[in-house]
Amino acid sequence: GNLRLRAKLRLLPGILASHKIIIVDAGYERSLRAAYAPLSRKLVCIPVGPNAEPQVRRGAGGLDALKERLGIGRTAPVISFFGIIRGGKGIVFLVRAFCQLLRRRPSAKLLLIGHVHEGYFRTHIASLALQLGITEHIVLTGSCHSEQLSEYLSISDVCVLPFEDGASTRRSSLILAIAHELPIVTTPPKSAFPGLANGVNVVLVEHGNVGQLCDEVDALIGDVVLRDRIKQNVALLKQRYSWANIAKETADLYRSVTHLP
């Protein structure tokens with residue numbers, strides 16, 4: 001959002017004293033450019049990378065055993081969500097769309113990966129699942145370390161991250177899903193998300209459009225060619241948000257600064 005006067009004044013000394021300023025979120029960069037138009041040439045957007053590297057050590061048989069342990073059939077479609085299970089993430093929207101999907105794919109499971117805010121889950125998700133009669137189709141992992149996280153994501157057919165305020169480069173869960181080269185369905189970004197292309201390396205659905213979310217997830221599950229094409233393009237996008245590329249962009253910026261008068 002727009003910066004308030006007090007925030008502008010607090011940031012001004014650092015901006016005046018800096019040769020360049022790295023911003024990790026395109027939306028925040030836009031706000032700073034509007035607030036400090038004469039100094040906007042100093043701003044450079046370099047996103048953050050994944051907060052964990054993909055690391056799957058189980059073979060196919062081990063992943064099947066993991067699905068069995070979670071109560072997921074070997075051939076059951078798995079729709080995953082990764083992040084803290086709390087408000088603002090669009091999980092209620094996802095559960096409603098998943099309920100519709102079950103009419104077409106009755107063996108499907110919704111895998112919710114991450115720390116659970118118990119009060120939120122009990123009040124908003126568990127009660128809704130009970131009302132819809134789909135409780136046994138929702139699987140919670142709870143908090144997990146990076147190797148477990150990679151394994152959970154590796155059994156996903158589609159990763160759905162339906163943020164209420166849109167996809168963003170500051171969403172670590174989205175960057176991590178990209179790092180795992182998953183077919184991702186998310187909500188349209190409110191500000192620039194370099195490289196993200198609807199229908200190419202991601203599928204975008206407006207928050208609240210339950211029918212469309214169901215249709216898009218169903219299409220990805222049912223069309224292996226479409227799913228593989230999205231995954232191949234995500235692998236290219238992954239390079240843009242890799243720590244190696246971020247390090248190069250940062251080093252190039254430092255080198256450019258050392259040549260300034």
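Predicted model: local features only at pLDDT ≥ 70, side-chain atom pairs only at ≥ 80, totals over all residues.
Leaving aside its neighbours within four places in sequence, which residues is R171 in contact with?

View 1. R171 is in contact (heavy atoms within 4.5 Å) with G88, K89, F163, D165 and G166, leaving aside neighbours within four places in sequence. R171 sits in the loop between β6 (158–161) and α7.

**View 2. Helix α9, residues 224–240.** At 1.5 Å a residue, its 17 residues should span 24 Å; the end C-alpha atoms are 25 Å apart, which agrees. Buried residues are R227, I230, V234, A235 and L237. V225, Q232 and L236 are exposed (over 50%) on the face turned away. Cover for the buried residues includes α7 (172–179), β8 (203–204) and α8 (210–222). D223 caps the N-terminal end: a side-chain oxygen lies 3.1 Å from the backbone nitrogen of V225.

**View 3. Helices α3 (60–69) and α6 (146–154).** Their axes come within 10 Å and cross at roughly 90°. The two helices are therefore roughly perpendicular (65 to 115 degrees). L63, L66 and R69 in α3 meet E151, Y152 and S154 in α6.

**Notes.** Residues are numbered from 1 along each chain as its sequence is written. Local features need pLDDT of at least 70, side-chain atom pairs count only at pLDDT 80 or more, totals for chains, interfaces and linings use all residues, and side-chain values use heavy atoms, without hydrogens or water.

Note on methods. Helix = DSSP H or I, 4+ residues; strand = E, 2+ residues; numbered from the N terminus. Expected span 1.5 Å × (residues − 1). Buried < 20%, exposed > 50% of the residue type's maximum accessible area, 1.4 Å probe, protein only. Polar contact = N/O pair within 3.5 Å; in protein donor to acceptor, adjacent residues only side chain to side chain. Axes fitted to C-alpha atoms, helices over the stretch in contact; angles between N-to-C directions. Parallel < 35°, antiparallel > 145°, perpendicular 65-115°, else oblique.
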